[in-house]
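Take a look at the structure below.

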Amino acid sequence: MRKVSRRTFLKYSAAVGATTAISGFPAVLRAQPPEIKIASIQPVTGVISDIGIAMRRGNQMAVDDINARGGIKSMGGAKLKLLLADTEAKEEVARTEAERVIKEGAVCLVGPFLSGNAMTIATLCEQRGVPFVIDVAAADDITRKGFKYTVRVFPTTSKFAESMLFFMDKIMKEKKISKIRGVLTNTGDLFGRVQGATFKKAIAEKKFPIELLAHIEYPLGIQDLSAEVSKIKALKPDVLFPVARPGDAKLMIRELYKQRVELQGIISPGSPGWYEPEFIRDMKALADYVMDNVPWYNPLGKMYKEVNAAFSKKYPGKYIDTNSGYAYLGVLVIADALERAKSTKADDIMAALKKTYFKQDLMVGLAVTFDQRGDNINADTAMIQIIGQSIKVVLPEKAAEAKYVFPMPKQLWERGV
Amino acid sequence: MNLNLILQLALSGFLMGGVYSLIALGLSLIFGVMRVINFAHGEMMVWGMYVAYTLLLWTGLDPFFSFSVSAVTLFILGYLLQRTVVNQILDFPEAMQVLPLVGMAMVFENSARLVWGPDYISPQSRFALSSHSIGFLTIDTPRLIAFSLAVIFTILVLLFLKKTDLGKSIRAAADNRLGASLVGTDVNKIYAICFGIGTACVGTAGGLLVPIMPLSPHIGAPFTLISFIIVILGGMGSLTGAMVGGLIIGVAESVGPTLLTNLFQGIGLELEFPQTMKQVVSFFILIVIMILRPQGLFGGKRG
Amino acid sequence: MKRTYLFLLLGFLILLGLPMVLSSYVLGVFIMIFFYAYLGQSWNILTGYTGVISLGHSLYVGIGAYTTYLLSLTLGLSPWVGMWIGGIGAGLVGLVIGFFGFRFGLKGVYFVLLTISFAEIGRLIFLHLKIFGSFQGLFITPHFSFWNYQFKENTPYYYIALGYVVFSLIFAKLIERSKIGRYMIAIREDEDAAESLGVNVFKYKMISIFISAFMTSLAGAFYTNYLFYLHPGTMMSMAFSIEIILRPIIGGMGTVLGPVVGSFLITPLAEISRSYFAKAGYEGLHLVIYGFLLVAVVLFFPRGVISYIKKVVTSGQSGLK
């Protein structure tokens, strides 16, 4: 027992020392307001560690930036301290880790990418009465359980489908296309399945002129898509609507190239895989003209420009995308709530969170504000497209950096790679 | 029924099966000689992939050449692993032998994450995007090359075991451990070399797969399971069995779901056998084989 | 022998009092210790005592979890009742697997692969059926009450998990002493000899797999109501099966206390490495360390920790004399 308390003490004094070093004032001259601990809980190991780590970085960077700007001003400039937790992509670990950070004094939790993990943590936060801000985890169900301590910054899956059809409608009207024959693919995990099914349902409900020739699913972490792509080729669709993850997105493009599948466009109803720096780096010209309907950064935003510059500097080759962007935003929302709550009591923070109206131009969409359920009603998606191997927002027009290109002017294998 | 599609699926499955064979050969060799299942097999394959990738990054050497470096690296790794860990557990109860290798699998996966980062990588290699069309069939060049090299490597390993003195003593040690040590063979050294060859096989396969699939630290585990299936299917300890088993599983997983869907619809069932359930085909084949012919397709009486 | 019981009683009394002094987090760790100790004990009945290695026990956890939850969702049946029905369901599936395995004489790795195959096929089927939430998984709405097996605090969960462990310990001890248990051990030691002495090997193996599957699936009810999310990809995976077998193997297979000892060793190891090496920029380090620790533990205690403890205790006793 004695050993532990000494270690905690050392940790604490080291943290204080570090803060002093940064602010440049000797501790004696300034009354130090107590640190406010919040926790980032993400799946940083296991099957989805690439995204989990990107999000942990987003969380961390937001905390550092807030501290550099003087911490929580209404509380005497109290600094934030980010506790790190790893769910290992398992529910039982998610619960234990959440318990741990709550015990270590976290007044609010932020995370995780996986909806299953989010469900477990949300229930725990309900049991313990600790505010929980979901930064990315899109399954609608989580906020339909009447949780009082959970809010979500990310758009729900129904929002994705709604925007997707809005954008498709615009493209089809402008290009005078009356009907699109498409193939929908998705990864066989929670996110992929929900995203695929919601898109399919939205088309059917609105009688939208997209005919889905097939709905192909494959397991998450698949290493070979040749069979699936052969099927797609046999169906001769106009457009491919793929819901993917970083690994299979690359596999898909290469397979489409090698099997010479003719397409007018590749338009994702909303998924990772198509916008990460590694995708463009590895696929080069093959990445061009891919469109994705995602909650994206606002390219015209001042906040975005600053954050992205700092992020790319700290992590060379990386930029702010959907996940790291929302991870950053999630922490900002917490800081804003703390600022207004002037307290670290759970109920005060929660009351402030519920009243959030946080103006931001980091991500596409208006100010963050939550409905009864705790969903951010102003979260929105943008249609992005890779043009000349860089990502451009193409729709909605008010945030557009470039005009979309459709149909693809060159098939994959005509691009001289 | 779309015959072209079925043929296309069969072809790509067959080519992939060649690589599966090589992975399974490594597992089979280790199991045949030491009676230990290498639960870190898939994770070691990922290391083979990263070695080839790193060489491509530093020197621009194509993975279809640098797989030999993967093989050597993984041989050394396997040799050391056998000497430090596996050799200590040979006489443990079967269930006990699982643990250290599961632990090593964790070590391999997560150290790869620490060294190379978590992101998916699919490097641009020379043949990554090339393919040929013959009639309605598309032949994927990297798969064809990987297949050919895997088959060549497999044959070389078989020749080594059949023709060289070292290979003969490995086989002798497999048959009778006590006997081999009585004759004066250094059994421990033989075992370490054998384990090294087993992991070199999987390292080679890893190198060959770099142009075919994106690599990330966690992708290894399914390969352990699939090679396990292949080994039992082909016959425990039978190296020919591992080869043929790999091809069978490759084709079955690729063609199975589509064929079954056609079959369902043929008998008037509106049922689709989804691609996501393709492993069910392999497991089903495995169960049937184990029940009807437990020694596997090519296994001798010994089982 | 008496001293062992005294120690156990003392330990049990201490454990009973712990919720009064420990934080919710540490209780959570204890809950995980008990949870895995119980699962390990269930597996131990089949593998430790009868000597039939299974690597597909996550299947039974899944069957238990889904049956319990779906019965409470559709019929409003309390999980306290539903879990027994789930247990019988899992037991029957166990009998099917056992029938194929034992009737056709699959032993060693063959039986391992048979159990893996059934578990993986089960996982994939569950993953594709809408009633099981399909790929989306089932999000369980919490209604905190005793009848619902859902609680706000960790203390009730702690006592339930402890109850599971005590039940499994007593049960294992009873089996060990019974005729069934003696036959099971005889089969493990030498199947042919047991057969020639007139033991109905097939029958006792079937009994053993039924009990083991039945017990395992009861833990599914706990999983459901503790974590509120069910998805075959995690709790029916092979990784979870491996997680189940780690602790009894390290503690000592075929012993009553082995799974508990193993769980008290391994669960905190995982926990400590995770909380002490959670450093940004070193994601995965804690699992490297944990992996090495697993290897080290097996190399140090090749016969299981329990046999080592026994040796120390007996040598201590002889030293006293």
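Which residues of helix α12 (residues 346-354) of chain A are buried? They are Ile349(A), Met350(A) and Leu353(A). Buried means that 20 or more other C-beta atoms, placed from the backbone, lie within 10 Å of a residue's own. Helices are DSSP runs (H or I, at least four residues), as are strands (E, at least two), numbered from the N terminus. Look down the axis of α12(A): the buried residues fall within an arc of 100 degrees, so they line one face of the helix. The arc is taken over directions from the helix axis to the C-beta atoms. Their cover includes β3 (108-111), β5 (150-152) and α11 (322-341) of chain A.

This is a predicted model: local features need pLDDT of at least 70, side-chain atom pairs count only at pLDDT 80 or more, and totals for chains, interfaces and linings use all residues. Residues are numbered from 1 along each chain as its sequence is written, with chains lettered from A and ligands numbered from 1 in the order in which they are written.

Now follow α11(A) to helix α2 (residues 49-68) of chain A. The two axes come within 7 Å and cross at roughly 40 degrees. Axes are lines fitted to C-alpha atoms over the stretch in contact, and angles run from 0 to 180 degrees between N-to-C directions. Residues are in contact if their C-beta atoms, placed from the backbone, lie within 7 Å. Ile51(A) and Ala54(A) are among the α2(A) residues that meet α11(A).

Finally, turn to the two chains. Their contact takes 29 residues from chain B and 33 residues from chain A. On chain B's side, α1(B) gives the most, with five residues.

Methods. Buried ≥ 20, exposed ≤ 12 C-beta atoms within 10 Å, placed from the backbone. Contact = placed C-beta atoms within 7 Å.
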